[in-house]
Amino acid sequence: MVVNSFQNTVIQKVLIANRGEIALRIVRACRELGIKTLAVYSEADAQSLHVQLADEAICIGGPKGADSYLRADRIIAAAEIGNVDAIHPGYGFLSENAKFAAQCEACNIKFIGPKSKSIEMMGDKSVAKDTVRKAKVITVPGSDGPLSNENEAIKIARRIGYPVIIKAVAGGGGRGMRIAHNDVSLAKEFNVAKNEAEKAFGNGSVYLEKYIEKPRHIEFQILADSHGKTIHLGERDCSVQRRHQKLIEESPSPFLTPALRKEMGKAAIRAAEAAQYQNAGTIEFLVDAKGNYYFIEMNTRIQVEHPVTEECTGIDLIKQQILIANGEKLPFDQSDITFTKHAIECRINAEDPAKNFAPSPGTIGLYYAPGGHGVRVDSHAYSGYTIPPYYDSMIGKLICFGSTRKIALERSYRALSEYLIRGIKTTIPLHKAIMSDPTFMEGKATTAYMEDFFARTPSELFTQENTRL
Ligand code: ADP
């Protein structure tokens, strides 16, 4: 029997403007709510699970993102043909594209995310910093806005002190960042960063921040409804990163004290309110060893790592996104939110950790996902699935949880030992090595952790594949 909690509501059919595991995750949430789904897909994804499991599917173009998942015009056309009430953008692709959100608004299709003006405000990282500063949220010291030339950059760097980091105003995915330790390297890196930003984001504006050494990346999950209520669902510690991209996330953070959690949670709510934010969003902070915390950016969409918050709090974030877009009130207050579990997520990427994470696309021979108590796998992979070379290399997420961090760690190691993906290289052996590494086990990883790990760990230890079956 389908339990439809939406019988008297507006959203009855959703177009999923994404692919891979997040498209599947959205299909699952919609199905439980009794909402019909329309998948859109590129020619490279015809065999994808999200296409097979959605109620309907429409091919929208060629394999490259620019010919399909980034084609707002084709997605809106598919939405009209399919007669949907709403579009869920997932993460990446058009999820933080204010123009696309505005187009949906104009076509009377609900965009399952914030209003376009909030995306615009927080999408420009230097405007975002200005906005939250006005709400008394501390930001990393740096330039007040985009820099016009290297001399201006040098003037500011001398004032705040080296090292500094140059970042793209339109940046994302860990790209477009450059660190400089003195005037000479700053003058050089300034122009390299500008060119890179222009190429990657079509916007060459860059700004400057103090480079915080060995911080933790700690972010707060926000939910805000359209009736003025904004709450947070605690934090995720995403300090284990490679090339400024997250690899492992957990909740709660082993670093935060209850007092600091409370204070940062309040700051995160103030930041979201300053952007008049609605729906699910994330406020990202860097936290130094002394517990000083600095806002770096807001992500105006669902995050890859949202499941750790779901398992820690027991709240289904994708369902909440849909309910909020439907105009409903949040069914809980801040005081109702409790953190009863510890959850750890390992990103399973089709990459070779021994070769600087070079992509490893291809056909998966055998695929066997772990299960059992406290184990969740969000993945679109299966035996015989061919990973297309056109997209992100993430093919799944392993989320393990339990009543304590120790249990979540032991469970992660156990589940990783069961996980079999034959035919391609993956990050599974690396995750196993990290789950049994004393620094990580003691909860001491900062964003400098991976570099240190690789410097002291022989590669056999993070390339050894599981040999069972
Ligand atoms: P993106 O939007 O590309 O993900 P972020 O601003 O979120 O970029 O930063 C990604 C990561 O880069 C952070 O988690 C952190 O590891 C590093 N980083 C960013 N800004 C700084 C900074 N000012 N000091 C030190 N590390 C930084």
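The conversation below goes from the whole chain to the ligand and then to one histidine.

Biologist: What kind of model is this?
Modeller: This is a predicted model.

Biologist: What makes the size of the chain agree with a compact globule?
Modeller: With 469 residues, a compact globule would have a radius of gyration near 23 Å, and the chain has 22 Å, so the two agree. Along the principal axes, the C-alpha atoms fill a box of roughly 65 × 55 × 45 Å. Buried residues make up 58% of the 469 residues.

Biologist: How is the chain divided, and what secondary structure does the chain have?
Modeller: There are 15 helices and 22 strands. The division is into domain 1 (13–112), domain 2 (141–210) and domain 3 (216–461). Between the C-alpha centres of domain 1 and domain 2 there are 35 Å.

Biologist: Which domains each give at least three residues to the shell around the ligand?
Modeller: Domain 2 and domain 3 each do. The ligand has 21 residues around it, and Gly174, Glu209, His217, Gln241 and Glu297 come nearest. By type, the shell divides into 7 nonpolar, 7 polar and 7 charged residues.

Biologist: How much of the ligand does the protein cover?
Modeller: On its own, the ligand has 550 Å² of accessible area, and the protein covers 95% of that. Strand 6 (164–168), strand 8 (206–210), strand 12 (279–287) and strand 13 (293–299) are the elements that give two or more residues to the shell.

Biologist: How do you know whether His306 is buried or exposed?
Modeller: Buried means under 20% relative accessible area. His306 has 0%, so His306 is buried.

Biologist: Where does His306 sit?
Modeller: His306 is in helix 10 (residues 306–313). The C-alpha atoms of His306 and Phe201 are separated by 25 Å, and these two residues are 105 residues apart along the chain.

Notes:
Residues numbered from 1 in each chain as written. Predicted model: local features only at pLDDT ≥ 70, side-chain atom pairs only at ≥ 80, totals over all residues. Heavy atoms only, no water. Near = heavy atom within 4 Å. Areas by Shrake-Rupley, 256 points an atom, 1.4 Å probe, with all protein chains shown as cover. Helix = DSSP H or I, 4+ residues; strand = E, 2+ residues; numbered from the N terminus. Nonpolar A, V, L, I, M, F, W, Y, C, P; charged D, E, K, R; others polar. Domains from an automatic or database assignment. Rg over C-alpha atoms; globule rule 2.2 N^0.38 Å. Buried < 20%, exposed > 50% of the residue type's maximum accessible area, 1.4 Å probe, protein only.
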